[in-house]
Amino acid sequence: MVRDARSAVVKNELLDIASMFPHKFDDNGRCEMLMEDNSCMVYEDRPLICNVKKVHERFFSEVKQEDFFKANEDVCKKLQEENNFTV
Ligand code: SF4
């Protein structure tokens, strides 16, 4: 129960961090910083939300890494669905 409640809090906090994402997406959900070879144009300076390990270390280190990664995946799917992204 406590774990479920914490998971919900983590997901909401992740959505807050994701809302600060500075780049645009095309209609399919492809980031404008993604190059033809699928590498990131700004990889070394990518937004925090793009670095899942760093977000975990910096803000959610008390959460087991596997639980955090699962919460992150759930948030990604939610954002994809809400925005009708296909990629
Ligand atoms: S790592 Fe982030 S900034 Fe870079 S292409 Fe992917 S979504 Fe865009």
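## An exposed loop residue

N38 counts as exposed because it has 7 C-beta neighbours inside 10 Å. The cut-offs are these: a residue is buried if 20 or more other C-beta atoms lie within 10 Å of its own, exposed if 12 or fewer, and partly exposed in between, with C-beta atoms placed from the backbone. N38 is found in the loop between helix 1 and helix 2. Phi of N38 is near 65 degrees, a positive value in a residue other than glycine.

M35 lies in this loop too, between helix 1 (2-18) and helix 2 (52-59). M35 has 10 other C-beta atoms within 10 Å, so M35 is exposed. M35 and V87 are 52 residues apart in sequence. In space, their C-alpha atoms are 14 Å apart.

## The model and its confidence

This is a predicted model: local features need pLDDT of at least 70, side-chain atom pairs count only at pLDDT 80 or more, and totals for chains, interfaces and linings use all residues. Residues are numbered from 1 along each chain as its sequence is written.

The term pLDDT is the predictor's confidence in each residue, from 0 to 100. The mean pLDDT of the protein chain is 89, and 97% of its residues reach 70 or more. Among the elements, helix 2 has the highest mean pLDDT (93) and helix 1 the lowest (82). Where pLDDT is low, the predicted coordinates should not be read in detail.

## The chain as a whole

The protein chain has 3 helices and 0 strands. Helices (H or I, at least four residues) and strands (E, at least two) are DSSP runs, numbered from the N terminus. From that terminus on, the elements run α-α-α.

The C-alpha atoms fill a box of roughly 45 × 30 × 20 Å, taken along the principal axes. Of the 87 residues of the chain, 7% count as buried. Two residues are in contact if their C-beta atoms, placed from the backbone, lie within 7 Å. Among contacts with a separation of 6 or more, 64% join residues 24 or more positions apart.

## Helix 3 and what follows

Helix 3 has 18 residues and, at 1.5 Å a residue, should span 26 Å. The expected span is 1.5 Å times one less than the number of residues. The end C-alpha atoms of helix 3 are 26 Å apart, which agrees.

D74 is found in helix 3 (residues 65-82). D74 counts as partly exposed because it has 14 C-beta neighbours inside 10 Å. D74 and K11 are 63 residues apart in sequence, yet 7.9 Å apart in space, C-alpha to C-alpha.

N84 sits in the segment after helix 3. N84 has a positive phi of about 55 degrees although it is not a glycine. With 9 other C-beta atoms within 10 Å, N84 is exposed.

## Around the ligand

The ligand is surrounded by H23, C31, M33, L34, C40, V42, R46, P47 and C50. A residue is near a molecule if its C-beta atom, placed from the backbone, lies within 6 Å of it.

By class, this shell has 7 nonpolar, 1 polar and 1 charged residues. Ala, Val, Leu, Ile, Met, Phe, Trp, Tyr, Cys and Pro count as nonpolar, Asp, Glu, Lys and Arg as charged, and the others, Gly among them, as polar.
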